[in-house]
Amino acid sequence: MTDKKKRRLMIRTVILAVLMAAVAYTLYASLTKDKHAKIEVGDMAPDFVLTDMQGNKHKLSEYRGKGVFLNFWGTWCKPCEKEMPYMNNQYKAFEGQDVEILAVNLDTQDLLVKKFVDKHGLTFPILRDKTKDVMDLYGVYYLPATILVDPEGKVTDIVVGDLTEDRIRSMMESIRPK
């Protein structure tokens, strides 16, 4: 083999090795990457757009200047059902004080959700996340889950599990604009 051929072979081998390393790294990064975003207190709340039961679109960033009590729930979740009347009471109590409740429902059947809302007389917006994209965006694994967003759009608290009415009241108070 001539020197020229050896040199070409070495260059091709190096190029092939670099390409294989790049492909291996890309595969490793995509396979080990956590599919669920991990938000933490102090982070800016990821923006999203969801539709409510009446077909109205809600974009989180359009609530800037207001505190947002963002609750993830399902009709089959007993702790969720327990806290819904408390949330509704506090939604009414904080009316006109720039504190909003956005309840993100994860069920796939509209009829189930409508029956649940009617049964409990819920008056706050019920947003539909049938694809669970927003749930994934927020890294929600268990229900109920509540994320508090202050008027500037920052996450101030993340709570997993059902809440008492007193706790809901104090949480809403904490995100009310001063």
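The following questions and answers look at a few backbone and surface features of this predicted model.

Student: Is D98, whose phi is positive, buried, partly exposed or exposed?
Tutor: Most residues other than glycine have a negative phi, whereas D98 has a phi near 60°. D98 is found in the loop between α2 (78–93) and β4 (99–105). Since buried means under 20% relative accessible area and exposed means over 50%, the value of 38% for D98 makes this residue partly exposed.

Student: Where is K132, and what is its phi?
Tutor: K132 sits in the loop between β5 (126–128) and α4, and with a relative accessibility of 29% it counts as partly exposed. K132 is a residue other than glycine, yet its phi is positive, with a value near 65°.

Student: Which residues form a positive surface patch, and in which helix is K5 placed?
Tutor: Lys and Arg count as positive, and the patch is formed by K4, K5, R7, R8 and R12. As for K5, one of the residues in this patch, its place is in the helix that covers residues 3–32, which is α1.

Conventions. Residues are numbered from 1 along each chain as its sequence is written. This is a predicted model: local features need pLDDT of at least 70, side-chain atom pairs count only at pLDDT 80 or more; totals for chains, interfaces and linings use all residues. Side-chain values use heavy atoms; hydrogens and water are left out. Patches are made of residues with over 30% relative accessible area and no salt bridge: like charges are joined within 9 Å, nonpolar side chains (Val, Leu, Ile, Met, Phe, Trp, Tyr) within 5 Å. Accessible areas come from the Shrake-Rupley method with a 1.4 Å probe; for residues, only the protein chains shown count as cover. A salt bridge is a side-chain nitrogen of Lys or Arg within 4 Å of a carboxyl oxygen of Asp or Glu. The place of a charge is taken as NZ of Lys, CZ of Arg, CG of Asp or CD of Glu. Helices (H or I, at least four residues) and strands (E, at least two) are DSSP runs, numbered from the N terminus. Buried means under 20% relative accessible area, exposed over 50%, partly exposed in between (1.4 Å probe, protein chains only).
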